[in-house]
Amino acid sequence: MQPYSMPIRQAVTTLRAGGLIAYPTEGVFGLGCNPFDTVAVERLLALKQRPMHKGLILISDRIDRLTPFFAPLTADQWQRLRSRWPGPMTWTVPHNGTLPDWITGGRRTVAVRVTAHPVAAKLCAQYGQPLVSTSANRQGRPALQRQLQVQQQLAHELDFIVPGRVLRPGKASQIEDLISGQCYRA
């Protein structure tokens, strides 16, 4: 049995039941849920004390799980996306209008990342669709970087915590707009 197989299965079961999970990502622990489950997303936003208009990031293990939500892109734009994935690069990409406002924040773009974290990627692969990914913390507080911090501060509000370590503690993913090149977070 591969490392983390049992916790990944438990996390996927939790997600399918509408639960909230925490899991390691490239730079911080993330909070996640099914992006299309209204109740789960509302719980996540309440836990974070985050307003819906800010939107949420979607992560996946593969680009083709994200592309059904994209508006048409040029060959150059596709090349830019692929040149930085998988990895700690979040792009804001024009979407095709099929995503709920709680993901997009009502904007014409959606924030997406193909993760390079082996646990987060395996989680997405087993789940079979993108996940919400937002830092494990309350709005305005430092992002949690260790599993123990998540357990101490958020466990009573979560349904499952996937064990693991972040790859680059404290170094959140870069966020850049694919079309304009505007950098939101370096």
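Tutor: Before we start, a strand here is a DSSP run of E, at least two residues, and strands are numbered from the N terminus. The model is predicted. Ser 133 is found in one such run, strand S6.

Student: How do I read a sheet, and in what order do the strands of this one lie?

Tutor: Strands of a sheet pair through backbone hydrogen bonds, either parallel or antiparallel. In this model, 9 strands form an open sheet with mixed pairing, in the order S7-S1-S2-S6-S3-S5-S4-S8-S9. Strand S7 (160-161) and strand S9 (183-185) are the edges; each has a single partner strand, so one side of each lacks a neighbour in the sheet.

Student: Which strands pair with S3, and in which sense?

Tutor: S3 and strand S5 (residues 109-114) run parallel, joined by 4 bridges. Within that pair, Ile 59 is opposite Arg 113. With strand S6 (residues 131-135), S3 pairs in the antiparallel sense over 3 bridges. There, Ile 57 has Ser 133 as its bridge partner.

Student: And where do the side chains of S3 point?

Tutor: In a regular strand the side chains alternate between the two faces of the sheet. In strand S3 (residues 57-60), Ile 57 and Ile 59 point one way, while Leu 58 and Ser 60 point the other way. All of these residues are buried.

Student: Back to S6: how does strand S2 pair with S6?

Tutor: Strand S2 (residues 29-32) pairs with S6 in the antiparallel sense, over 2 bridges. Leu 31 stands opposite Thr 134 of S6.

Student: Is Ser 133 buried or exposed?

Tutor: The cut-off for buried is under 20% relative accessible area. Ser 133 has 6% relative accessibility and therefore counts as buried. Leaving out residues up to four places away in sequence, Ser 133 touches Tyr 23, Thr 25, Leu 31, Ile 57, Ile 59 and Arg 113. Among these contacts, Ile 57 is also the bridge partner of Ser 133.

Student: How many disulfides does the model have?

Tutor: A disulfide is a covalent bond between the sulfur atoms of two cysteines. The test applied is a pair of cysteine sulfur atoms within 2.5 Å, and the count comes to 0 disulfides.

Student: How accessible are Cys 33 and Cys 183?

Tutor: Cys 33 is buried, with a relative accessible area of 0%. Cys 183 is partly exposed, at 38%.

Technical notes: Residues numbered from 1 in each chain as written. Predicted model: local features only at pLDDT ≥ 70, side-chain atom pairs only at ≥ 80, totals over all residues. Heavy atoms only, no water. Buried < 20%, exposed > 50% of the residue type's maximum accessible area, 1.4 Å probe, protein only. Pairing = 2+ DSSP bridges. Contact = heavy atoms within 4.5 Å.
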